[in-house]
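Have the sequence and the model open as you read.

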Amino acid sequence: MNDTSTLKSVTPAPKQARPPAGKKTVTTLTESVIEVISDSGEGAQRCGQSLGSIAAKMGNGVWTVEIIPAEIRPPARSVAGASGNRIRLGSRRVTNGGNETDLVVAFNEQVLLGRVRTGELKPGCIILLEGIWRENADARIASSYVQTYDRLVAEGYKVYEVPMERECRAFVADAQRGKNMFALGMICNLYSLDLQLARDQIALTFSKKDPSIIKSNVVLLDAGYQWAENHLDFKFRIPAELAVEPQIVINGNTALALGILASGMEVCAMYPITPATSASHYLSDAFEKVGGVVHQAEDEIAACSFAIGASYAGKCAVTITSGPGYSLKQEAIGLAVMAEIPLVVVNVQRGGPSTGQPTKTEQGDLMAAIFGSHGDAPKVVMAVDTIEDCFYSIITARKIAETFNMVVVVLSDTSLASSQQPFPRPTFSPDWLAPPVDQSAIPAGLKPYDWDPVTGLARRFIPGQPNGMHTVTGLAHDRASHVAYDPESNEESIRARSLKLAALQKTLKTPPVFGGESGDLLVVGWGSTRGAIEEAVELMRAEGSKVSSLHLRFLQPLPSGIKEIMQRFKQVMTIESNWSDRPEDEIIDETNRRYSAVAMLLRSRYLIDVDCWSEVRGQPIKPDTIRRVMREKLRKKS
Amino acid sequence: MTTAATECMLRMYEEHYELEDYQSGVPRWCSGCGDNAILAAVQRLCRDEKLRPEKTVFVSGIGCSSRFPHYMKTYGFHGIHGRALPIAEGVKMARPDLHVFVNTGDGDCCSIGAAHWIHAIRYNMNITVFLHDNQIYGLTKMQASPTSPRGTKSNTTPRGSYLEALQPLNVTLGVQNVSFVAQAVDWIPEVLYDIVKAAYHHKGLSFVRIVQRCPEWLPHQNEPWMHDPQKILLLNHEQGLRISPAMAKIYKNQLQHDPSNIDRAREIASQSDPMPVGILYRNPEVPCYEDLRRSGKLRTNEYIKAGLEAEFDKFTIDGRKPTRGKPAESLARSV
């Protein structure tokens, strides 16, 4: 199929791939981070996703992260336009995107530069680079390519030029679009993945398409596999140690959407916004199959109001959004709080403030979620921390919303939204589903807000229930839901709505400590950083450090027992993807330092000197970064 | 209304409601406020149509008119400023079995909630909407509203308002999927009732603009039209309102208008003197959004489970066994 002369003619550079002399040695690894990057629309994402699925089928731990440019079609060959996938493979379960990349397949040198500049590539890592640019008719492109290539080589990267497009031309007319499967074939070879599984994966991926498309993609896959076998002198193997049980491979947004399906909710009202929208895309396709409705409203406010209307009428509904949309919903959320209408609000956080960084990850909306909406507006705030948790948290959120007649805010973020991780296929339980709408008559004498003096709870009256007629209102009201401005009614109602949080808190379990129950340093995290924090803690403990971590899924209310855990450690700090002032900055001191969100919460609630470390780089925090932060923290104290 | 004794007996066995069954509390509107007339007409409608109070929901926003649900002994939702329509849409989508009404003012509907107004017309859900248009902000104490005539002196326009008034009928009639538009005035209760009734019976979004008096802030606004019957243009048609002989005697300025004619409706809507009163447009053929979107299938646990498992199947990988889709081996070998 290929021969050395072809290769030479394509890549006359000094350091190009060469056929292996004799049998290749296979290096056994415990894990590896692979990136496939291209211009937008060249299919690197599909390649990466397929790779993740194939490895998961083999029993490897997998975590995939989408690399998404902000624009739909950024200019070709632009530094900021990298589109693709980052795949971390491991022998064991993988809980996060890991550290710097070990091997990257790049379709041009410019998108590669973007990754180099943001420090995503491991020094000296392997780069498989499309070599066709060297001979580009446009002298500027050719020279840019050569310069970049030379620089990367000089900097110590192991760059292999691969004639991907040229090789693909032998099989398909549009070689530019077929390269992704060629790349997949190469990676399968380099990581000793099962070629047949890869073929099956292609058949699955394109199962809705014409069989000829499957055929041509399989040909390209085989070609890539063979090319790597013939031309590259290295090979890896990541032994699979996981039990191979039925697993689901989806990203966080699909998991959220499946959770909505499984929660028995019937109405999801939304307005398009990145990065939340892909959950609604999937839901729009799947929800109708179980009798649900995705309503794309005219704006975020209408979406929230529509969901409140559906909930009020007896069918607890969900609205799903990201930061800017969440800000717009705040007034309506306050109405649901005031009228005690159950509601699930999902906020897939992105970089803020304002329009911020729509495609980048951040944990910047926690304070808005807890304290947002004017006046005293207590609501439940949960943060999902794994892909699997995205699914189950929605079910829990719906239940809490209806049990306590409260707004439950579920915080996810871009990192979870677009990452994939296999998790055991859930076993359906009828308990997940919402009960049918209660249409029984209201007993005489019962009022719509007969708040229990201890828990603040009251039976919710639902339209259709005889004898329950009343008007809910966002105005201050008494037990009969009559507008009431007297001091007693106002305090009684605000007290009741607040007590419900305490009542929920009494039912929450203390979160488990990861690591040891006491020690030198406790790291507290929330949301998508869980995997990275726990991995860092595990490695530090293996090195003998007495560090542990605590991950919070409920941020409002905070479960009991947290103070006692923190008191067992000499130091406590949070690690978060949001802003906190840097103590080393000249004018920052203890009197003006702004802490990260959870650090602020813990400090104010428990009067414990909780420190924090945070970054707002728009990327998931890496386990190695967390280790460095923990080491510094331990060193400063001792 | 007189009915035969036997008929009364029959009705007793079915369901019988009095006006009191729909009355709740004492309205706190000003004396002479047009909202009182609208409330009376709507309570009469509920009684005459025997709407079960527990199956009836009035949704409102914020403003004087939005106090309306508090005075109905039905379910009510006094929401937030401008958002009555999306809340009502959510209610209707979740529960098509409920009778859903919306009470909204000119500030609520035409200003802060204007986006929802446009889209509510397009959704065309089976909801009856009353725009209580007094052409002024009342609850916040006299500021110009979008429907205030140019030159209206108010607390925010002490030298008179600067802009031409927005015409709610024109706007509504300009939106795709409009299916029912009528105009009433609070000071002709008989016609108001007939219009409210026709609006209720229309399947789709019925939009009724009710020109109403605000005796507190714009006491003289509607006087020319109130005092001179010739300044009211009554629209009648066998497919629209039928004017009673008593009314016909007072309001002699009448126009035969076929409410299926949208072009003519738009022309009529653009005039304010004489002020058209009646049904401007009606099209029962426009599909309702809730009918387009709801499957109608009973959502049993089994039904949901089956749907969910099918979705799980799509994403399940099961060890080394080939997943769904055609095995690729034979295809590959054939190349």
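Two strands pair if DSSP finds at least two bridges between them. Helices (H or I, at least four residues) and strands (E, at least two) are DSSP runs, numbered from the N terminus. Strand E17 (residues 471-473) of chain A is joined to E2(B) by three bridges, and the two run parallel. Within E2(B), Gly76(B) stands opposite Thr471(A).

This is a predicted model: local features need pLDDT of at least 70, side-chain atom pairs count only at pLDDT 80 or more, and totals for chains, interfaces and linings use all residues. Residues are numbered from 1 along each chain as its sequence is written, while chains are lettered from A and ligands numbered from 1 in the order in which they are written.

Tyr75(B) belongs to strand E2 (residues 75-78) of chain B. Tyr75(B) is buried because it has 30 C-beta neighbours inside 10 Å; the cut-offs are 20 or more other C-beta atoms within 10 Å for buried, 12 or fewer for exposed, and partly exposed in between, with C-beta atoms placed from the backbone. Beyond its neighbours within four places in sequence, Tyr75(B) is in contact (C-beta atoms, placed from the backbone, within 7 Å) with Pro463(A), Met469(A), Glu54(B), Thr56(B) and Val57(B).

Now for the whole chain contact, which takes 73 residues from chain A and 60 residues from chain B. On the chain B side, H12(B) gives the most, with 11 residues. The classes on that side are:

| Class | Members | Residues on the chain B side |
|---|---|---|
| Nonpolar | Ala, Val, Leu, Ile, Met, Phe, Trp, Tyr, Cys, Pro | 27 residues |
| Polar | the others, Gly among them | 15 residues |

Methods: Contact = placed C-beta atoms within 7 Å.
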